[in-house]
Amino acid sequence: MSQPSETTPILEARGLVKVLGGNRVLDSVSLSIGRGRVKVLIGPSGAGKSTLLQCLNFLMPPDSGHILLEGREVNAQSRKELCAFRQQVGMIFQDFNLFDHLSALENVRVALMKVKGMSKLDATERAIAELKRVGLADRAANYPANLSGGQKQRVAIARALAMDPKVMLLDEPTSALDPELIGEVLSVIRDLAQGGMTMIMATHQISFSASLADEFIFMEKGRVVEQGSPAELLGRGVSSRTQSFCSKISELTGEGGGASGECRL
Amino acid sequence: MDFSVAFNAAREALPYMLGGVGWTVGLIVGAMLLGLCMGVPLAVVQVYGPKPARRAVGLYVWLFRGIPILVQLYIFYFGILSWLSNLPGLSGLGLDSPFIAAVLVLGLTSSAYQSQIFRGAIQSLPAGQLKAARALGMTDAQAIFTIVLPQALRLSIPAWSNEYSILLKDSALAFTIGVVEIMARMRAIASTTHEPVSMTFLAGIIFFVLTWVGVKTLALLENKVRIAGYTRQGAA
């Protein structure tokens, strides 16, 4: 097997189609992401962002299309190959999905032991290091019920990072959080991006993601409608679908930073 | 009715009656364990299995919930097991014993009820946890064993303790095929002492105490395995 070259995309999707209840939730979506890049999915609810992310690691098997990891097509029919693939693709969910019966430490450790076959000692050491990285070393013994939303999401991030993923998929990681807790999660995500983690993130935090995204992908009705750098889509004098969507949410939330509902970089 | 006569009769009968407790406890422990060992896999298959397997489990549950225990005891003891025990290879295994028949009937019936307890508990868990486990690279079997069942079994304890108390009283039917448990002894001693009322009371009290001990023990277990800070919606 040849080593993937520097230019081979880490993750690539070709022509993904997903039909749910007669709706084409994904209508032939393709994307590819290179090492260390950050792509941000935006668009209205029901656009297919979440479905796309879940198809990318086969949590929802796509009806057709291909997914390639470092240039090699993933055969999702093979259970072994699927599990190996998923280990390399970290996933962060909107509502955290921590395991309620396990402490923060055990949440991070369980897959290291069960999936990677690490010893309890090694897995514990690694789990503590990851909890430290997200600023939660002192919460290792807490159960999810005794963590705030922001802390839960950071544990979920530590859990994904512990598997040494090649790419992370983040599905609206701050949408279920109280406003005052969003910052702590965004700062962890910013650290990851600056550390060179490859990420595909669906979010409504436009101004935050504009500061770290290499590319915005605007989705609507299951299709990619626009894609380009934040500057291309939100820069001055640009009239894009992304721009008008962003203005709408900034009117509501003050997000976006522009004056009078404007959404400019 | 002379209470002191009745009381003395009951007191004298107590050792004999308590001799039946061992049989009753044996029936219950055997049946609950058989029900547990079958009920958990049945529930897992009914939630996650392929459609034909889910159907088969559904049929099994209907069958055992639909036929009275008394009828099943007759079918198993006088029918299936007595036929099996006459087969050449199976003759020495004691399959024709009434105790085996009673444990089987109570256990199979309980497995049908228990499977529905566990199924409900599995389905009450947030589906996202299974997704998260898969996303980490766990196989479905790993996810079910390490994530789903530890939580589902905890949630099942209150309903399981209910099942225990029902099964305990169903076990009294085992006297009909000749298991010498509490009920059988009560009938025997009532007919020799001519004190049916006090003996019936005594049996009732013994069943009550057994129920109380079991339910209390399970409540202690429930408390012991409780997850810190974890409450179901609507609780606390």
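**Exercise 1.** State how strand 1 and strand 4 of chain A pair, and over how many bridges.

*Solution.* In this predicted model, local features need pLDDT of at least 70, side-chain atom pairs count only at pLDDT 80 or more, and totals for chains, interfaces and linings use all residues. Residues are numbered from 1 along each chain as its sequence is written, while chains are lettered from A and ligands numbered from 1 in the order in which they are written. Strands (E, at least two residues) and helices (H or I, at least four) are DSSP runs, numbered from the N terminus. Two strands pair if DSSP finds at least two bridges between them. Strand 1 and strand 4 of chain A pair in the antiparallel sense over five bridges. Within strand 4 of chain A, A:Ile67 stands opposite A:Ala13.

**Exercise 2.** Determine the strand order of the open sheet in chain A and which strands stand at the edges.

*Solution.* The four strands follow the order 2-1-4-5, with antiparallel pairing. Strand 2 (23–33) and strand 5 (72–73) of chain A each have a single partner strand and stand at the edges, so one side of each is left without a neighbour in the sheet.

**Exercise 3.** Describe how strand 4 and strand 5 of chain A are joined.

*Solution.* Strand 4 (residues 64–69) of chain A pairs with strand 5 of chain A in the antiparallel sense over two bridges. A:Leu68 has A:Glu73 in strand 5 as its bridge partner. The two strands form a hairpin with two residues between them. In the turn, A:Glu70 has a positive phi of about 50 degrees.
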